[in-house]
Amino acid sequence: HLLDENDLAPADLISAVFTATPDLVSEFPAHAARMLGWNDIPLLCAQELPVAGALPRCIRVLVHAETRRKRTEIRHVYLRDAILLRADLLSD
């Protein structure tokens, strides 16, 4: 979980931007965040570019948060095939 991995609480969040691939049309990703209690945080949803060969059924989130961690200590979370978005992080 994104917050757990970075020792964050909802009170530490400033805002969040969600993107979804064009094949996801049933719900806004921000709706799930509201259900998790992110009620007083500005949230924005956008659609990913429909690039040929891109990872399907993918939601991304960019969270702006207050933290004492250094940038190198921030843990970026990739679930399932989303790690393919960052091939540089894959193990050899």
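Three strands, in the order 2-1-3, make up an open sheet whose pairing is mixed. Because strand 2 (43-47) and strand 3 (59-65) are at the edges and have a single partner strand each, one side of each is left without a neighbour in the sheet. From one strand to the next, the twist averages 15°, with axes taken as lines fitted to C-alpha atoms and angles running from 0 to 180 degrees between N-to-C directions.

This is a predicted model, in which local features need pLDDT of at least 70 and side-chain atom pairs count only at pLDDT 80 or more, while totals for chains, interfaces and linings use all residues. Residues are numbered from 1 along each chain as its sequence is written, and side-chain values use heavy atoms, with hydrogens and water left out.

Helices (H or I, at least four residues) and strands (E, at least two) are DSSP runs numbered from the N terminus, and two strands pair if DSSP finds at least two bridges between them. Strand 1 (residues 13-20) and strand 3 run antiparallel and are joined by seven bridges; within strand 3, Arg-60 is the bridge partner of Thr-19.

Turning to the loops, Asp-7 lies between helix 1 (2-5) and strand 1, and has a positive phi of about 50° although Asp-7 is not a glycine. Asp-7 counts as exposed because its relative accessibility is 61%, where exposed means over 50% relative accessible area, buried under 20% and partly exposed in between (1.4 Å probe, protein chains only). In the loop between strand 2 and strand 3 sits Arg-57, another residue other than glycine with a positive phi, near 50°, and at 64% relative accessibility Arg-57 counts as exposed.
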